[in-house]
Amino acid sequence: MSRLVRRRIAAGLFTFALFGANALPVASAPPQQQAKPAMQRSATAFVPGNGACIDFVGDDFEEAGWSYDHRHPKSSREQDEQVRYPMGKSLNDKWHEGPERGQPDQLQVIKLPESGLAGSEHGLLMRTRNSYIPGRNIREVHQDDLIANCVSRLSGGIPVSERPSVVTRVYLPPAEQWEQRSGPHFGYRSSVSTMTVGKTKGLFSLSRENEVEPYWPGMWIHFRPAGTRGAKEASAYLTVRSNRLGHDFPAKEINEFGWWTLGMSFSPDGMVHYYAKQGVDDLTEADYLTSQFPYGYQAKQFRTYFFDVCNRSDGQTWSTPFVIDDPKLYVGNPGRVNAIVASKERQAEQMAARRAAAQERAAMQKSSRSTQKR
C-alpha cells in the first residue's frame with residue numbers, strides 16, 4: 001500500500017481545569033454509517049485481558065511527578081512531510097509523539113472525574129486544540145495521537161502467535177462538555193503489521209518480494225449533538241475500524257456517558273477481535289462486538305496501541321476532554337516478552353547503580369577539595 005493510500009485511509013476513515021473553554025459549534029450533519037456486518041462470533045476470539053499483564057508498557061498514572069514534554073512544534077508528516085525532532089515523550093518513557101501527527105496539546109494527570117477502577121485515583125486528561133500543521137488553521141476535523149512506547153521498550157513487536165491483547169478505560173464526559181459537532185471524537189487503536197507481496201522491476205523481468213505492511217485497526221467514538229436528525233438529546237456510538245474492504249462500521253450504541261472499557265485481542269489466525277462495555281469491570285465474553293480481518297489483512301505482528309483525539313482545527317475549538325485510565329498490554333504466551341522485560345529492567349538497575357556511584361564519587365571529590373583548601 002502506498003503512503004498516499006495509507007494517508008487516505010487514515011484521514012478518510014478516520015469541568016476539569018480547562019473544561020470551560022469555548023467550543024465553536026459546527027453544523028450538525030447526520031453521521032455517515034456503513035451497513036453493519038453480521039456479528040458472528042469467531043471461533044478464535046478471546047477476551048482482551050487474558051494472559052500476563054506487561055506493566056512495563058502500561059500505565060496507571062499514579063506515579064508521582066508524571067509529566068509529558070511536548071517539545072513543540074509538533075510533527076505533521078501526514079499533512080506536509082514534516083517530522084519535527086526531537087519528538088515529545090513522557091518522563092517515564094511510556095508514551096511518545098508519532099511522526100505522522102502531533103500529540104494532544106493537553107496531557108495532564110488529574111483526579112478521576114468520578115469513581116473508576118478500585119484503588120485508582122488518577123487518570124490522564126487528553127484533549128487538543130491545534131491538530132493540524134503547527135501555526136496553520138484549516139477549520140476541518142483533524143486528530144492528534146498519543147502512542148504507547150511498546151516497540152522501543154520491548155525491542156520490537158509481538159507475534160500474534162503469542163496472543164497479545166490490549167484493554168483501556170476511558171471516561172466520556174457529560175454531553176454539554178463535548179465539542180458540539182457530529183463525527184469522530186476519540187480513537188483507541190493499535191498498530192499491527194502483515195506481509196504482502198509486491199512487484200519489483202528487475203533488469204529483464206518483474207519479480208515479487210514480500211513486504212511488511214503496517215495498518216491500524218481500532219475503535220472510534222462518534223458524537224451526535226442534540227438536534228441531529230431531530231433527536232432531543234445528544235448521544236454517541238462506537239464504530240470499528242474496519243471490515244475487509246477498509247470501511248468503518250457502527251458496532252455499539254453508547255446510551256450513557258461516564259466510564260467505558262474497550263479492548264482488542266489478536267489471535268494466531270491474524271484476526272482482530274473487538275470488545276466494549278459500559279463501566280470499568282473486566283471485559284467478558286458478553287462484551288464481544290465483532291471479529292474482522294481489517295482491509296482484508298491477516299495480522300502477523302502486534303506493534304503498539306495508541307489514542308486519538310479529534311477536533312475542528314480552527315485554532316480556538318478544544319477537543320472533547322477525555323480521561324483514560326489503566327491502559328494495559330497482555331500476552332497469552334508471555335515467556336519471550338517477560339525475558340525481554342527482565343533484561344531491560346536489569347539494564348536499568350545497572351545504569352541507575354552506575355549513575356549513583358558516579359554521583360557519590362563526584363561528591364567525595366568535591367568534599368576532599370573543600371577540605372584541602374581549608
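Biologist: Let's start with Asp326: in which strand is it found?
Modeller: Keep in mind that this is a predicted model. In it, Asp326 is found in strand 19.

Biologist: Is Asp326 buried or exposed?
Modeller: The cut-off for buried is under 20% relative accessible area. Asp326 has a relative accessible area of 16%, so this residue counts as buried.

Biologist: And what is the phi of Asp326?
Modeller: Most residues other than glycine have a negative phi. Asp326 isn't a glycine, yet its phi is positive, near 50°.

Biologist: Where is Glu81, and what is its phi?
Modeller: Glu81 is in the loop between helix 2 and strand 3. Relative accessibility is 45% there, so Glu81 counts as partly exposed. Although Glu81 is not a glycine, its phi is positive, at about 65°.

Biologist: Which residue is joined to Tyr85 by a cis peptide bond?
Modeller: Most peptide bonds are trans. Here omega is about -10°, and the bond is cis.

Biologist: What is omega for the cis bond between Arg241 and Ser242?
Modeller: Ser242 is placed in the loop between strand 13 (235–241) and strand 14 (249–254). The cis bond that joins Arg241 to Ser242 has an omega of about 0°.

Biologist: On to the rings: how are Phe186 and Phe322 arranged?
Modeller: The structure holds 18 aromatic pairs. In the pair of Phe186 and Phe322, the ring centres are 4.9 Å apart and the planes are at 45°, so the arrangement is tilted.

Biologist: How many residues apart in sequence are the parts that Phe186 and Phe322 tie together?
Modeller: Phe186 sits in strand 10 (residues 183–201), while Phe322 sits in strand 19 (residues 322–331). Both of these phenylalanines are buried. The parts tied together by the pair are apart in sequence by 136 residues.

Biologist: What is the angle between the ring planes of Tyr295 and Tyr297?
Modeller: Tyr295 counts as buried, at 15% relative accessibility, and Tyr297 is buried with a relative accessible area of 15%. Their rings form a tilted pair, 6.3 Å centre to centre, and the angle between the planes is 50°.

Biologist: Which two residues have the most contacts inside the largest nonpolar core?
Modeller: That core has 55 residues. Leu329, for one, is in contact with residues including Ala52, Ile54, Val57, Leu154, Phe302 and Tyr305, leaving aside neighbours within four places in sequence. The two with the most contacts inside the core are Tyr305 and Leu329.

Biologist: Which side chain makes a polar contact with the side chain of Thr128?
Modeller: Thr128 lies in the loop between strand 6 (122–127) and strand 7 (141–148). Thr128 is buried, with a relative accessible area of 0%. Among its contacts beyond four places in sequence are Lys74, Gln103, Val309 and Trp318. The polar contact, at 2.6 Å, is with Asp144.

Biologist: How far apart are the C-alpha atoms of Gly332 and Gly51?
Modeller: Gly332 lies in the loop between strand 19 and helix 4 (335–373), and at 32% relative accessibility counts as partly exposed. Leaving aside neighbours within four places in sequence, Gly332 is in contact with Asn50, Gly51, Glu162 and Arg163. Gly332 and Gly51 are 281 residues apart along the chain, yet their C-alpha atoms are separated by 4.0 Å.

Biologist: Over which residues does pLDDT stay under 50?
Modeller: The mean pLDDT of the protein is 88, and 86% of the residues reach 70 or more. Where pLDDT is low, the predicted coordinates should not be read in detail. The model has 88 contacts beyond four places in sequence for the stretch under 50, which is residues 1–38.

Notes
Residues numbered from 1 in each chain as written. Predicted model: local features only at pLDDT ≥ 70, side-chain atom pairs only at ≥ 80, totals over all residues. Heavy atoms only, no water. Core = buried A, V, L, I, M, F, W, Y, C linked by side-chain atoms within 4.5 Å. Buried < 20%, exposed > 50% of the residue type's maximum accessible area, 1.4 Å probe, protein only. Contact = heavy atoms within 4.5 Å. Helix = DSSP H or I, 4+ residues; strand = E, 2+ residues; numbered from the N terminus. Polar contact = N/O pair within 3.5 Å; in protein donor to acceptor, adjacent residues only side chain to side chain. pLDDT = per-residue confidence, 0-100. Phe/Tyr/Trp six-rings, centres within 6.5 Å; stacked < 30°, edge-to-face > 60°.
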